[in-house]
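Subject: Structure for your review

Dear colleague,

Please find below the structure that I am handing over to you. My findings follow directly after it.

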Amino acid sequence: MNHEEFERFVQKFGKDILRFCRMTAGDAEDGDELYQDTMLKLLEKKKRLDTMQNTKSYALSISIFLWKNKKKKHANRMRLVPTASMEEMPGQGYEVSDHGREASPEHIVLQKNEADMIQGLVTSLPEKYRIPIYLYYSADMKIKEIGEILKLPEGTVKSRMRNAKKQLKEKLEAIGYDR
């Protein structure tokens with residue numbers, strides 16, 4: 001992949017990868033950092049990247065790897081020298097868009113509150129369920145691609161998606177959400 005192809009790749013898929021990084025990190029600042037690390041790693045390997053392959057899947061798998069690596073480092077540090085104030089991550093890092101429609105301020109606030117609630121519930125899912133949900137819904141990836149990224153069979157990805165949706169449904173019903 002040459003420099004121009006890399007720029008086209010970033011223009012085409014950058015927003016999806018950034019959204020995924022922010023959702024995975026659970027925080028806009030940490031997500032931006034993860035995105036930068038991912039793009040830097042891709043830039044380092046751009047000569048070996050093939051535009052005929054699914055580079056978006058590869059980029060997302062790099063971001064997952066970097067995120068898991070960061071979490072492991074943090075867990076080891078906390079095990080050795082615990083500090084209570086390090087890296088508290090609120091459930092933010094996403095944007096709510098009304099897609100250009102005129103909406104009343106009340107409607108916008110309700111949409112934002114609803115999105116915050118659902119994002120919080122998705123963030124509370126175990127990682128093995130949360131990452132496939134993010135990849136499917138925020139990165140528009142197919143089950144097969146998710147399986148390749150996570151190195152899991154398609155059936156496992158499908159069952160994790162089904163279990164995640166079931167858990168989300170139960171949590172939403174428990175708080176009285178009926179949409």
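Helices H5 and H6 pack with their axes 10 Å apart and at an angle of about 135 degrees. Axes here are lines fitted to C-alpha atoms, for helices over the stretch in contact, and the angles run from 0 to 180 degrees between N-to-C directions. That angle makes H5 oblique to H6, where angles under 35 degrees count as roughly parallel, over 145 as roughly antiparallel, 65 to 115 as roughly perpendicular and the rest as oblique. The H5 and H6 crossing is right-handed; a crossing has this hand if the near helix is turned clockwise from the far one by less than a right angle, and is left-handed if anticlockwise.

From H5, the residues Ile 131, Pro 132, Leu 135 and Tyr 136 meet Ile 143, Ile 146, Ile 149 and Leu 150 of H6, contact meaning heavy atoms within 4.5 Å. The residues of this contact divide into eight nonpolar, no polar and no charged. In that division Ala, Val, Leu, Ile, Met, Phe, Trp, Tyr, Cys and Pro count as nonpolar, Asp, Glu, Lys and Arg as charged, and the others, Gly among them, as polar.

Please note that this is a predicted model, in which local features need pLDDT of at least 70 and side-chain atom pairs count only at pLDDT 80 or more, while totals for chains, interfaces and linings use all residues. Residues are numbered from 1 along each chain as its sequence is written, and side-chain values use heavy atoms, with hydrogens and water left out.

As to the chain overall, its secondary structure comes to seven helices and zero strands, in the pattern α-α-α-α-α-α-α along the sequence. Helices (H or I, at least four residues) and strands (E, at least two) are DSSP runs, numbered from the N terminus. Of the 179 residues, 34% count as buried; buried means under 20% relative accessible area, exposed over 50%, and partly exposed in between (1.4 Å probe, protein chains only). Among contacts with a separation of 6 or more, 65% come from residues 24 or more positions apart.

Two loop residues deserve a mention. Asp 140 has a positive phi of about 50 degrees although it is not a glycine. Asp 140 lies in the loop between H5 (127-137) and H6 (143-150) and is exposed, at 57% relative accessible area. Lys 151, also not a glycine, has a positive phi near 55 degrees. Lys 151 belongs to the loop between H6 and H7 (154-174) and is exposed, with a relative accessibility of 72%.

Which aromatic pairs are present? The count comes to three, where rings of Phe, Tyr and Trp (its six-membered ring) pair if their centres lie within 6.5 Å, and planes under 30 degrees apart count as stacked, over 60 as edge-to-face and the rest as tilted. One of them is the tilted pair of Phe 6 and Phe 9, at 6.4 Å centre to centre with 40 degrees between the planes. These two residues are three apart in helix H1 (residues 3-25), and so separated by about one helical turn. Phe 6 is buried at 7%, and Phe 9 is likewise buried at 7%. Phe 9 also forms a tilted pair with Phe 13, at 5.5 Å and 50 degrees. Phe 13 is partly exposed, with 22% relative accessibility. Phe 6, Phe 9 and Phe 13 form one aromatic cluster.

With kind regards
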